[in-house]
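Here is a short briefing on one protein model. Keep the structure open as you read.

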Amino acid sequence: MALEAVERPAPGPGPFGRLGGRLLEVLQVLGEASTLFAACIRLAPAALVDRGRVATQMVRVGTDTLSIGALLSLFVGMVLVVQAADQVRNVSQDILGPIVGLSMTKELGPVLMAFLLAGRAGSAMAAELGSMTVYDEINALRTMDIDPVRFLVLPRFVAATLALPMLIVYADFIGVAGGALVVAVDPAITIPVHSYVERMLEWVKFEDFLVGLVKGLVFGMIASIVPCTFGLRTRGGTEGIAVSTTSAVVWSFILILVFDFLIVRVGFALK
């Protein structure tokens with residue numbers, strides 16, 4: 001009796017094949033994001049004409065984030081003072097002001113606000129553009145000779161880039177105020193509030209605010225371009241929208257941290 005040939009499934013890719021596939025996917029996403037960024041820079045003058053859409057996005061990105069941003073910054077400043085006071089209890093609590101001021105202006109303020117913007121507004125951008133892509137609304141815009149990058153991406157890009165530095169300055173002041181509140185009411189802290197503020201002003205310089213603003217500009221670009229990139233490359237219906245939204249937030253967080261390191265490294269190299 002002849003044995004029938006059993007068709008075996010083709011073996012899947014090995015570990016190096018999977019690694020290569022992931023690397024190609026990363027390069028493709030970075031390439032698409034870079035292309036979209038270049039298109040937004042080229043179309044930037046058009047934002048003056050489309051300032052109505054830019055203003056609408058700034059309200060969604062910036063104004064609607066003020067309350068949660070204030071709450072986050074307030075408690076971060078308060079926690080900084082409590083933690084630092086415990087660490088320096090055997091030394092001098094006069095450094096509490098500089099610790100909070102420098103931490104908020106140079107690092108915590110920019111990164112926290114960028115994470116908040118990417119998680120809140122960035123996820124909404126990815127979901128909106130992903131829905132429009134899946135349901136062929138992007139193709140409909142092209143059919144009507146409307147550039148989707150100018151009509152959809154550019155207002156979000158400009159709004160996030162302009163709003164985030166202002167949110168960072170706002171968060172810096174709220175965080176410092178939260179630290180001052182703990183200094184005023186916590187019996188374990190012996191320095192007066194005016195000493196906390198004076199010592200902070202001695203250490204925190206304009207250059208420190210400038211570093212935070214530069215980070216805000218870069219992080220704002222990342223937190224808008226990456227979600228828009230994933231929104232425009234969405235495939236696969238509602239499940240694809242969910243995957244794109246999650247990927248957009250994760251990629252934004254990673255790139256924010258990468259560029260945070262690069263900015264700090266370049267800043268130290270230029271000193």
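Is Phe-157 buried or exposed? Phe-157 is buried, with a relative accessible area of 6%. That is under the 20% cut-off for buried. Keep in mind that this is a predicted model.

**Helices α1 and α7**

- Two packed helices are described by the angle between their axes and the distance between the axes.
- Helix α1 covers residues 15-42, and helix α7 covers residues 148-185.
- Their axes are 10 Å apart and meet at an angle of about 90°.
- Angles of 65 to 115 degrees count as roughly perpendicular, and α1 and α7 are therefore roughly perpendicular to each other.
- From α1, the contact uses Leu-36, Phe-37, Ala-39, Cys-40 and Ile-41.
- From α7, the contact uses Val-149, Val-153, Leu-154 and Phe-157.
- The residues of this contact divide into nine nonpolar, no polar and no charged.

**An aromatic pair**

- The structure holds four aromatic pairs.
- One of them joins Phe-37 and Phe-157.
- The pair is edge-to-face, with 75° between the planes and 6.0 Å centre to centre.
- Phe-37 lies in helix α1 and Phe-157 in helix α7, so the pair ties together parts that are 120 residues apart in sequence.
- Phe-157 is buried, whereas Phe-37 is partly exposed, with a relative accessible area of 31%.

**The buried face of α3**

- Helix α3 spans residues 51-61.
- Val-54, Gln-57 and Val-61 are buried in this helix.
- Look down the axis of α3: its buried residues fall within an arc of 65°, so they line one face of the helix.
- What covers these buried residues includes α2 (46-49), α5 (96-134) and α7.

- Most residues other than glycine have a negative phi.
- Asp-136 is not a glycine, yet its phi is positive, at about 65°.
- Where is Asp-136 found? Asp-136 is in the loop between α5 and α6 (137-143).
- Asp-136 counts as partly exposed, at 47% relative accessibility.
- Asp-145 is not a glycine either, and has a positive phi of about 60°.
- Asp-145 lies in the loop between α6 and α7.
- At 70% relative accessibility, Asp-145 counts as exposed.

Notes: Residues are numbered from 1 along each chain as its sequence is written. This is a predicted model: local features need pLDDT of at least 70, side-chain atom pairs count only at pLDDT 80 or more; totals for chains, interfaces and linings use all residues. Side-chain values use heavy atoms; hydrogens and water are left out. Axes are lines fitted to C-alpha atoms, for helices over the stretch in contact, and angles run from 0 to 180 degrees between N-to-C directions. Helices (H or I, at least four residues) and strands (E, at least two) are DSSP runs, numbered from the N terminus. Angles under 35 degrees count as roughly parallel, over 145 as roughly antiparallel, 65 to 115 as roughly perpendicular and the rest as oblique. Contact means heavy atoms within 4.5 Å. Ala, Val, Leu, Ile, Met, Phe, Trp, Tyr, Cys and Pro count as nonpolar, Asp, Glu, Lys and Arg as charged, and the others, Gly among them, as polar. Rings of Phe, Tyr and Trp (its six-membered ring) pair if their centres lie within 6.5 Å; planes under 30 degrees apart count as stacked, over 60 as edge-to-face and the rest as tilted. Buried means under 20% relative accessible area, exposed over 50%, partly exposed in between (1.4 Å probe, protein chains only). The arc is that of the directions from the helix axis to the C-beta atoms.
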